[in-house]
Amino acid sequence: MKHVLTILLVFMISKVQAQNQLRPSVDLSIAAGSSQATISIAGWHHWQLGKKKRLEIGIGPRITSYIGNKKDFWTAPASIARGSSAPFLVVFSSQETENWDTLNVQRPLVFSMNAAVQVAHQIGKRFRAGINIDLVGFSVGRTSAAVFTSDGRQETTEAKPVPFNLLLTGDLDKGSLNSELFFQYRLKEKWSIRAVYQFYFAEYKTNTRIQQLPEPNDRFRNKANLLGIGVSYSLN
Amino acid sequence: MKSTLLWVLFTFLFISCSKEKETASDTSNDIIPANSVELYGGDFVSAAHPTSGKVRIVSAQGKWYLILKNFSTDPGPDLKLYLASNQAAAQFVNLGNLKSTNGQQVYAISGMPDPKEFPYVLIWCQQFSVLFGVARLS
């Protein structure tokens, strides 16, 4: 989903006209999946586009707190995990699963703060739908015990979140990045409720390059599919 | 205030999830296999928590078993039984969740690992990487 979002959002940014009306808002979402969950809060500045001003593009900061319990993280670098590490093509390249090793992070906890972009469309008076994605930022989090598994052999190790986040499409991404597909229903003038599907990349790094084959590696990624709810508050 | 409440609820949900992993299996059916032959044995010594008892690795009818006798350790979350290369579990074979914190227990070992490579039996809290007790096989 991330590459589609990226292409779409880059296209939309080029269409933004700064003179259009500014609509700030704040979103709070809680999402959960199998033994993992997130809480995220985002502040958006939206520009309304088009004659009817139904299309919006927004930018803003988003903080996502991710927590999990005994989650598997797999070999992250595209150069090992995928057949191609060329930007965008990486998304369509083969998954080199024979190169994947597993890092089971016992108590993952990541706080990521990223700049994000959003595209939304007003549907009627009360409904709104859109997508958003994190672009760049940083992460902090808990160092956790972890179990590394390669070819059936298991090792005890420690891992911590990768500190720098950058959207580069697919498995080229670095760090922890959030993206959402959302539907919103306006309850009152300023308050809306949201239903969200979140796709969250969380990345942990071991103290040493614990994976040796096919090349040394210390980065491991969990791709979390999460469903959640939230609220949105319009600031004007 | 609302965000604080959400965090408390959030944290509570996850802490309560880890409860199910605490040691609580029925070991009343753990009977030492008949005609078993002892291959290796050792005594537990305490590490981070008081641990005592004996460990034996036996073979019977072409299968291998690890037996804990007169065993006792403290309760803890996510306790595992490892055959390990050292006391830090640098490399290990996971024999599964510790069935009970006391009494006799029998664990099947699939594909007996080389005891020269894995000479330690660990009572190991996997979630927090804490060694409860250890026995050296000889």
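1. The hairpin of strand 8 and strand 9 of chain A has two residues between the strands, and A:Asp151 takes a positive phi near 50 degrees there. Strands, like helices, are DSSP runs numbered from the N terminus (a strand is E, at least two residues; a helix is H or I, at least four). This is a predicted model, in which local features need pLDDT of at least 70 and side-chain atom pairs count only at pLDDT 80 or more, while totals for chains, interfaces and linings use all residues. Residues are numbered from 1 along each chain as its sequence is written, and chains are lettered from A and ligands numbered from 1 in the order in which they are written.

2. Strand 8 and strand 9 of chain A pair in the antiparallel sense over seven bridges; two strands pair if DSSP finds at least two bridges between them. Within this pairing, A:Ser144 stands opposite A:Ala159 of strand 9.

3. Strand 9 of chain A is also joined to strand 12 of chain A, by three bridges, and these two strands run antiparallel. Here A:Pro161 has A:Tyr204 of strand 12 as its bridge partner.

4. Which strand of chain B pairs with strand 9 of chain A? The partner is strand 5 of chain B (residues 91–97), in the antiparallel sense, over two bridges. A:Gln154 has B:Phe92 as its bridge partner, and A:Glu155 stands opposite B:Gln91.

5. Between the chains, 13 residues of chain A are in contact with 15 residues of chain B (contact: C-beta atoms, placed from the backbone, within 7 Å). Strand 9 of chain A gives the largest share of the chain A side, four residues. That side divides into five nonpolar, five polar and three charged residues. Ala, Val, Leu, Ile, Met, Phe, Trp, Tyr, Cys and Pro count as nonpolar, Asp, Glu, Lys and Arg as charged, and the others, Gly among them, as polar.

6. A:Tyr200 is found in strand 12 of chain A (residues 191–206). Is A:Tyr200 buried or exposed? A:Tyr200 counts as buried because it has 25 C-beta neighbours inside 10 Å. A residue is buried if 20 or more other C-beta atoms lie within 10 Å of its own, exposed if 12 or fewer, and partly exposed in between. Leaving aside neighbours within four places in sequence, A:Tyr200 is in contact with residues including A:Thr38, A:Tyr66 and A:Leu226.

7. Chain B contains one helix and eight strands, in the order α-β-β-β-β-β-β-β-β from the N terminus on. Of its 138 residues, 28% are buried.

Notes. Contact = placed C-beta atoms within 7 Å.
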